[in-house]
Amino acid sequence: MKYLCSMISKAKIKYIHSLELKKNRKAEGKFVAEGPKIVGELLAVGQASLLAATREWFEKNSPISSSTEKYEVTEEELRKISFLQHPQMVIGVFDIPNKHSTPPSITQEAYTASAAWDSSLILALDGVQDPGNLGTIIRIADWFGITDIVCSEDTADAYNPKTVQATMGSIARTKIVYTDLSAYLESLPNETPVYGTMLDGTDIYEQSLTHHGVIIMGNEGKGISKEITRHINHRLFIPGYPKDRPSAESLNVAIATAITCAEFRRRSLLEDTRKE
């Protein structure tokens, strides 16, 4: 394995560790991913700028681009580099996609008397703070075929190592944009269905749901902010069961996202079945 460096330097380890901080990720335009599953998913859609991995991993994952820095490391060295308690064979450094800097657009022309809006569901996050929650939400979006996620500027960083790990590779298939969420929603055509989960909303299982639109999920403690609430034209509530007894005060935002997305997709499948 002559193309591999026999030893990773302390300076290179320090560089990888520096990417744990958002300011350094932003300055370098890089993020760290760990483990065969996540690194493999990212390599399937692009290349790494750096890979530090065990000999076993390299032997199973050859060839690797000649432009990638490659370091064969021992298990002990991997533990020194890794952000995880139990490292998993490989660590990769990847480019943060700059192509995802523009939010998905929805045009007024999409709405006509004779044509339905042929676009997809967009997930919008208003101040989601926990990296684990964000990573799980990205994974949920990927599962339900939602590829566009628009985040408020105060939402946790999607390229935080904890977030990347929680996505389990789904970050490779989603377009994540950070923007002024209120301004983005303001820019949408008036006819755009904008859904939000609210305690004073209509039972999601009784509410009419469209194939398309924007689904907003709010902060773990405060929910959807007042500024964003004014853009919502369909308030949804996820009821507890049974309704006549005390229950948990609220749902975790990632769990609420999963329930909401599942119901949207279930309705779409039902409508498609009826048309056949």
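Strand 8 (residues 194-203) pairs with strand 9 (residues 213-218) in the parallel sense over three bridges; strands, like helices, are DSSP runs numbered from the N terminus (E, at least two residues, for strands; H or I, at least four, for helices), and two strands pair if DSSP finds at least two bridges between them. In this pairing, Y195 stands opposite I215 of strand 9. Strand 8 is also joined to strand 10 (residues 234-237), in parallel, by five bridges, with F237 of strand 10 as the bridge partner of D203.

The model is predicted: local features need pLDDT of at least 70, side-chain atom pairs count only at pLDDT 80 or more, and totals for chains, interfaces and linings use all residues. Residues are numbered from 1 along each chain as its sequence is written, and side-chain values use heavy atoms, with hydrogens and water left out.

An open sheet of four strands has the order 1-4-2-3, with mixed pairing. Strand 1 and strand 3 stand at the edges, each with a single partner strand, so one side of each is left without a neighbour in the sheet. Strand 2 and strand 3 run parallel and are joined by four bridges; L50 stands opposite E69 in strand 3.

In helix 1 (residues 10-18), K12, I13 and I16 are buried (under 20% relative accessible area, 1.4 Å probe, protein chains only; exposed means over 50%, partly exposed in between). These buried residues fall within an arc of 100° seen down the helix axis, so they line one face of helix 1; the arc is that of the directions from the axis to the C-beta atoms. On the other side, K10, A11 and K14 are exposed.
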